[in-house]
Amino acid sequence: MISLAGRDILHSWGKFVLTGLGLGLLIGVTFTMAGVYRGMVDDARVLLNNSGADLWVVQKDTLGPYAESSSIPDDVYRGILGLPGVAQAANVTYLTMQVRKGKTDVRAMVVGFEPGQPGEPGYLVAGRRITRGHYEAVADVMSHFSVGDRIRIRRHEYTVVGLTRRMVSSGGDPMVFIPLKDAQEAQFLKDNDAIVNSRARTAANPALNRPGVPGLLEAIVASQTSNHNVNAVLVRVAEGRSAERVARDIRRWKHLQAYTRAQMEDILIAKLIATAAKQIGMFLAILTVVSAAIVAFIIYTMTLGKIREIAVLKLIGARDRTIAGMILQQALGLGVIGFVVGKIAATVWGPAFPKYVLLLPEDAARGFVIVMLVCVLASTLAIRAALKIDPATAIGG
Amino acid sequence: MKLSFSLPRQVWFAAVGAVLLIAFGWLATTSGPLAPIKVTVTRVAKGEVATALSGIGTVDARRAYLIGPTAAGRVRSVLVDVGDSVKAGQLLAEMDPVDLDKRVASAVAAALRGRSAVTTAEAQVQDAKSRQALAASEARRYVDLGKKNFVSQSVVDTKLQQQQSADAQLAAAESTLVSARQDLARLEADRAGAQQQRGNIRLRAPVDGVVTARDAEPGSTVIAGQSVLKLQEPGSLWVTVRLDQGRSAGLRAGLPAEITLRSNPGKARAGKVARVEPISDSVTEERIAQVAFDTLPPGVTSNEMADVTLHLPGVSDALIVPNASLHYRGAEVGVWLRADGKLRFVPVKTGATGLDGKVQIVEGLKAGDEVVVYSERELKDDSRIKVVDALGTAK
């Protein structure tokens with residue numbers, strides 16, 4: 001038995017392939033949009049993964065350190081280390097700012113970490129880890145810095161000694177890792193003019209600049225220009241201990257807020273990127289509907305273009321099933337070509353996006369099912385039209 | 001569709017389909033979550049780890065002096081300014097003496113009066129001595145006369161009594177003299193004290209040095225302990241370095257150091273650890289050490305920032321891996337070992353670490369083992385990897 005669909009496709013195969021290509025590009029855009037959404041959620045997830053923590057201890061009544069600002073004294077971690085079930089606790093700071101290199105600047109999240117503790121980048125793609133206590137940095141490749149670059153963060157120059165990958169903030173900004181003490185200073189220390197002004201302001205305060213107390217003013221000024229705060233303490237829970245229990249102890253006795261991984265993920269995904277994700281999600285939904293409609297119309301018009309041939313088939317006594325099968329097979333064939341082209345297109349242009357585009361195999365599978373379903377639905381429309389054709393049109397015209 | 005050369009349509013269609021399928025398959029396996037993770041590997045080799053400590057510090061003076069009065073007062077004159085070199089003993093500033101000059105004059109007068117009181121007392125002693133001599137000789141004579149019964153016994157007794165009285169008067173006069181002398185010594189001491197106080201409000205340089213601050217101007221009132229001028233010994237400048245406690249193993253006096261001043265970042269200057277402070281900073285978790293320059297660079301200023309690298313004796317013949325290959329798994333540190341094409345996480349014990357990123361492996365690996373250095377993603381036990389020479393760092 002000959003395949004009617006195959007013969008018809010071969011009859012005008014160029015047109016068929018080009019239609020498939022066009023459809024594929026449209027499906028590719030839809031896949032990319034799904035990838036952008038997945039990438040956004042993944043950005044939030046890698047932020048949590050990379051910190052390597054089980055618990056985030058932040059200022060009481062805040063959703064810090066990513067969604068809200070949080071500030072806690074840097075000696076708090078010692079008290080937390082003393083709690084049962086805590087294996088490691090380390091200070092960490094996060095500050096999103098412009099990092100300058102020469103005349104250009106890059107928006108980056110500057111992370112202050114302690115070596116060998118949670119918060120350190122887990123793997124590198126070039127260079128080495130930080131070995132000095134000050135003025136060395138490890139940057140994400142997305143920042144376009146390279147090993148040996150001198151970058152400027154506030155008042156100090158740092159040498160980029162290593163590069164890492166996929167270390168981004170929830171907003172997709174690349175991370176730059178610097179030693180904690182430098183980060184504390186960078187977060188707090190203002191420019192020279194501001195410091196001089198603040199000193200003058202303090203000196204003008206008669207309560208702080210008393211003639212009878214030599215040294216008081218100097219002590220106050222010194223205390224004003226030092227920072228002993230961090231944004232969060234990352235806690236790694238000892239094996240076999242429940243993170244939730246340790247978090248409860250910290251909340252109850254330390255007057256701090258502690259979030260477990262699940263809670264943090266909820267904060268990041270449900271609160272921080274919620275609106276942006278919904279925006280993309282809305283767009284994705286509309287794009288899916290529009291793509292489905294276009295697929296349906298293409299198949300419908302393709303069928304209508306063959307009215308005469310179908311009428312001839314009917315005239316020579318072809319059964320309805322044969323005709324329906326032909327249209328369905330063509331529609332599915334178009335869908336398969338569209339899916340393959342779309343997937344290839346999305347994979348090819350995905351990495352060119354400035355933010356991460358994550359194309360998941362399960363999304364592709366889901367996309368395939370949807371494409372096939374849409375094709376089947378669209379072909380029913382065309383089949384209905386084809387079955388209504390009067391065989392007389394073959395000769396009547 | 002019209003084609004210029006004749007090939008069956010099936011072939012064309014099949015070719016397009018094949019190309020699409022191959023491209024699809026290739027992309028699916030080389031990118032995205034299904035692709036193997038690209039890594040670079042290195043072999044563990046023996047070598048030398050040049051260990052060093054690094055810290056930052058500020059230049060300050062080993063000996064700095066606050067010059068000020070010991071009692072509250074008003075500044076009368078300041079004779080030097082910031083930057084002036086001064087010699088030990090040089091008059092730098094003077095406080096307003098207020099009534100000190102008058103008090104010195106009063107003390108001098110009192111001392112003079114004391115001296116004349118001594119002279120008076122001495123004269124009185126002379127007088128008493130002569131009276132006593134006369135009384136003694138008269139008494140002797142009358143005793144002789146009394147023995148020969150030329151005079152009555154009562155006259156003799158009178159003369160003896162006169163002699164005793166003269167003795168007593170002499171003793172009294174001598175005692176007055178001693179007391180006058182003591183009084184004089186007291187007044188002299190008072191006078192010297194007043195003069196010393198007068199001298200004390202003259203602020204003199206304790207050592208040869210440079211004036212670093214002029215904190216009070218003539219006319220201003222300062223209290224005891226407040227400084228009028230600050231001095232420092234220019235030769236005693238050194239760098240107070242703060243080193244992270246966690247990376248300060250091996251810190252001791254005498255270590256050779258490289259000091260890079262912020263004002264001249266291109267040039268490292270040689271120095272030595274002069275002292276390690278016995279108390280470290282518990283808040284910043286840093287240890288504090290003083291590093292002295294071998295030769296003091298010209299123009300170095302106090303409170304200038306400096307980077308300091310301290311060189312420790314290196315470790316030779318050690319198993320070395322780059323520190324980028326160390327990974328943390330929970331609290332455990334280890335490396336990804338590649339053996340028989342499979343990945344395995346091997347916990348290791350690390351030793352010395354060099355500033356160049358070389359890490360000594362004390363336990364867990366042997367020479368020739370292949371370990372993963374860089375990876376595109378976090379590795380897991382079942383990760384598929386593909387070894388490349390270098391990872392693309394474009395993005």
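1. Chain A contains 13 helices and 12 strands; helices (H or I, at least four residues) and strands (E, at least two) are DSSP runs, numbered from the N terminus. The radius of gyration of chain A is 31 Å, well over the 21 Å that the globule rule gives for 397 residues, so chain A is more spread out than a compact globule. The radius is taken over C-alpha atoms, and the rule is 2.2 Å times the number of residues to the power 0.38.

2. The model is a predicted one, in which local features need pLDDT of at least 70 and side-chain atom pairs count only at pLDDT 80 or more, whereas totals for chains, interfaces and linings use all residues. Residues are numbered from 1 along each chain as its sequence is written, and chains are lettered from A and ligands numbered from 1 in the order in which they are written.

3. Along the principal axes, the C-alpha atoms of chain A fill a box of roughly 115 × 50 × 40 Å. Of the 397 residues in chain A, 44% are buried, meaning that 20 or more other C-beta atoms, placed from the backbone, lie within 10 Å of the residue's own.

4. In chain B, a closed barrel of six strands runs β3-β12-β15-β14-β13-β16, with antiparallel pairing; two strands pair if DSSP finds at least two bridges between them. Five bridges join β14 (residues 268-276) to β15 (residues 286-293) of chain B, and R275(B) has Q290(B) as its bridge partner in β15(B).

5. Chain B also has an open sheet of four strands in the order β2-β17-β22-β21, again with antiparallel pairing. β2 (45-49) and β21 (349-353) of chain B stand at the edges with a single partner strand each, so one side of each is left without a neighbour in the sheet. Four bridges join β2(B) to β17 (residues 315-322) of chain B, where A45(B) stands opposite I320(B).

6. How many residues does each chain bring to the contact? Chain A gives 42 residues and chain B gives 43 residues, a contact being two C-beta atoms, placed from the backbone, within 7 Å. On the side of chain A that touches chain B, the largest share, five residues, comes from α11(A).

Methods: A residue is buried if 20 or more other C-beta atoms lie within 10 Å of its own, exposed if 12 or fewer, and partly exposed in between; C-beta atoms are placed from the backbone.
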